[in-house]
Each structure stands twice: as structure tokens, then as C-alpha cells.
Amino acid sequence: MLVYTSPAKSYGEMKANELHQWDQGQKLVVEGIDLVEAPLVHFARKIDKTAYVVQATLEEKKIIANIPNELLTTAIAIRAYINQEDTTILEVQLPVKAKAKPKDYVEDATQTTVWGQITEAKQSAIDASQLAEKYKKESSEIQENILNTKNAIETIEENIKTLATTTSEDSQKASTSAKEAGEHETKAIEAAQQVTDSAAQIELNKAEIGNIKVTIENTGLVVVDGKLCINYKEVQV
């Protein structure tokens with residue numbers, strides 16, 4: 001049986017024709033709402049803490065949803081909330097008329113989902129999304145740290161190369177300076193030797209000059225103005 005509502009001229013509240021207690025396989029049909037996608041329909045009574053959530057279908061612009069059999073086990077009015085994008089766009093009241101329970105009534109669990117389970121699943125999806133975003137952010141931070149560490153290592157390697165080059169140059173300069181110092185030391189030793197030899201030569205020259213002077217004095221010769229002359233004495237006759 002299809003439970004029709006009056007054509008919906010605007011979003012709001014509507015009242016459908018009457019249902020009967022213990023009926024099964026009832027369907028709610030709503031016309032007059034132009035939707036692109038089939039909505040979810042929440043069914044509940046005043047005594048229900050959670051709603052039954054049913055995925056409706058769209059057939060020739062008609063919203064068709066199965067009414068949960070469990071809700072027709074009492075003579076309590078049912079309210080159907082048509083939802084789209086987590087927003088109720090229409091509320092439909094479904095009166096239920098009481099009648100005796102048939103002897104051959106068979107309990108039938110309709111293919112419905114408790115709203116609380118939907119909410120929990122949705123929250124789990126939100127938590128998973130937030131967790132994924134957190135891991136994504138942490139992964140981005142880790143990648144940035146890895147990049148910074150890589151740059152720091154490259155900088156250290158460059159500094160080591162520069163230091164090695166500078167140390168090599170300083171070592172070459174030190175080697176050159178040591179070589180030059182050795183050469184200067186050799187020259188100093190040679191100069192000192194030359195001074196020593198010159199001093200010895202001067203002493204030899206002085207000795208020779210002394211010998212020459214003695215020889216000149218013995219021969220009666222004298223040196224006058226750098227010239228060798230005969231030493232004579234004035235004799236009175």
C-alpha cells in the first residue's frame with residue numbers, strides 16, 4: 001500500500017492519510033518536491049529515543065520510502081522527516097489507527113538503520129577525516145624537518161670542504177715559510193762563516209803587515225806617504 005500525502009506546495013509540515021496498526025510493507029510517497037538526489041527519511045514516534053533512517057528513492061519526481069514495520073506495532077502517530085544534506089526540509093505526520101494484533105502476525109525486521117548508528121558512523125567518519133588531516137599535517141612537518149636537516153648537512157659538508165681547503169692552503173704556506181726559514185738560516189750560517197773567515201783573514205793580514213814592518217825597519221827603509229824610502233840620518237862633516 002502507498003501512503004500518499006497531499007502535494008507539497010512548500011517545505012514545512014504535511015499530514016498523510018491514516019495507517020493501521022500491525023500493517024506491514026507500507027510506503028510513504030511524497031510528491032511536489034523537486035530534488036536532484038533521493039533523500040534520507042527519518043521515522044520516529046514520540047516514545048522513540050532514536051529515529052529509523054531509511055534511504056528513499058526518486059521515481060518520476062516522487063519520493064518513496066519504506067515505513068519501518070516496527071513503528072506500526074503501536075497505535076502511535078509516526079512522524080517522517082525528509083532530510084537533505086543533514087537538514088530537514090519536510091515533516092510528514094502519519095496517523096496510526098489502533099486495531100487488534102493478528103494471530104498470524106510475523107515479526108519482520110525491515111531494512112532500516114537506527115539513526116543513532118548513522119550518527120555514530122558519521123562521527124567515526126569525521127574522526128577518521130580529522131585523524132587523516134592530523135597525520136597529513138604531521139607528515140608535512142616531518143618532511144619539512146627532513147628538508148631542513150638535509151640543508152643543514154649540506155651546509156656542514158660545505159663548511160668542511162672550505163675548512164679543508166683553508167687548512168691545505170695554510171699547510172702549504174707553513175711548509176713554504178719553513179722552507180724559506182731554512183734557507184734564511186743557511187744564508188745566516190754562511191754569512192756568519194764569511195764573517196769568521198774575514199776576521200781570520202784580517203788577523204792573517206795584520207800578522208803579515210807586522211812582518212813587513214819588521215823587515216822594512218831592519219833594512220833601513222821607511223814608508224813615507226805610502227812610498228817606500230831610504231831611512232837616512234843627517235851627518236855633519
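What percentage of the 237 residues of the protein counts as buried? The share is 20%, where buried denotes a relative accessible area under 20%, exposed over 50% and partly exposed in between (1.4 Å probe, protein chains only). The structure is a predicted model, in which local features need pLDDT of at least 70 and side-chain atom pairs count only at pLDDT 80 or more, whereas totals for chains, interfaces and linings use all residues. Residues are numbered from 1 along each chain as its sequence is written, and side-chain values use heavy atoms, with hydrogens and water left out.

The mean pLDDT (the predictor's confidence in each residue, from 0 to 100) of the protein is 77, and 73% of the residues reach 70 or more. Over residues 6–11 pLDDT stays under 50; for this segment the model has 13 contacts (heavy atoms within 4.5 Å) beyond four places in sequence. Among contacts in the protein with a separation of 6 or more, 63% are between residues 24 or more positions apart. The protein exposes about 17600 Å², of which carbon and sulfur atoms supply 54%; accessible areas come from the Shrake-Rupley method with a 1.4 Å probe, and for residues only the protein chains shown count as cover.

One helix and 14 strands are assigned. Helices (H or I, at least four residues) and strands (E, at least two) are DSSP runs, numbered from the N terminus. Two strands are taken to pair if DSSP finds at least two bridges between them. Strand β9 (residues 78–84) pairs with strand β5 (residues 40–44) in the antiparallel sense over five bridges, and A80 of β9 is the bridge partner of F43. Strand β9 also runs antiparallel to strand β10 (residues 87–94), to which seven bridges join it; here N83 stands opposite T88 of β10. The strands β9 and β10 form a hairpin with two residues between them. In the turn, E85 has a positive phi of about 55°. D86, located in the loop between β9 and β10, likewise has a positive phi, of about 60°, although it is not a glycine. With a relative accessible area of 62%, D86 is exposed.

In soluble globular proteins, nonpolar side chains tend to be buried together. The largest nonpolar core here has 23 residues, and those with the most contacts inside it are L28, V30, F43, I67, I78 and L94. The greatest contribution is that of β10, with four residues. L28 belongs to strand β4 (residues 27–30) and is buried at a relative accessible area of 2%. The C-alpha atoms of L28 and L94 are separated by 9.1 Å, although these residues lie 66 residues apart along the chain.

The loop between β3 (19–20) and β4 holds Q26, and W22 and D23 are also placed between these strands. W22 counts as buried at 13% relative accessibility and has a positive phi of about 75° although it is not a glycine. Not counting residues up to four places away in sequence, W22 touches L72, T73, K99, A100, K101, P102 and Y105. A polar atom of the W22 side chain lies 3.2 Å from the backbone oxygen of K99.

D23 is buried at 18% relative accessibility. Its side chain makes a polar contact of 3.0 Å with the side chain of K99. A polar contact is a pair of N or O atoms within 3.5 Å; within protein, one atom must be able to donate a hydrogen and the other to accept it, and residues adjacent in sequence count only if both atoms are side-chain atoms. Leaving aside neighbours within four places in sequence, D23 is in contact with N69, L72 and K99. Q26 is buried, with a relative accessible area of 6%, and a polar atom of the Q26 side chain lies 3.0 Å from the backbone oxygen of Q24.

Definitions and conventions
Core = buried A, V, L, I, M, F, W, Y, C linked by side-chain atoms within 4.5 Å.
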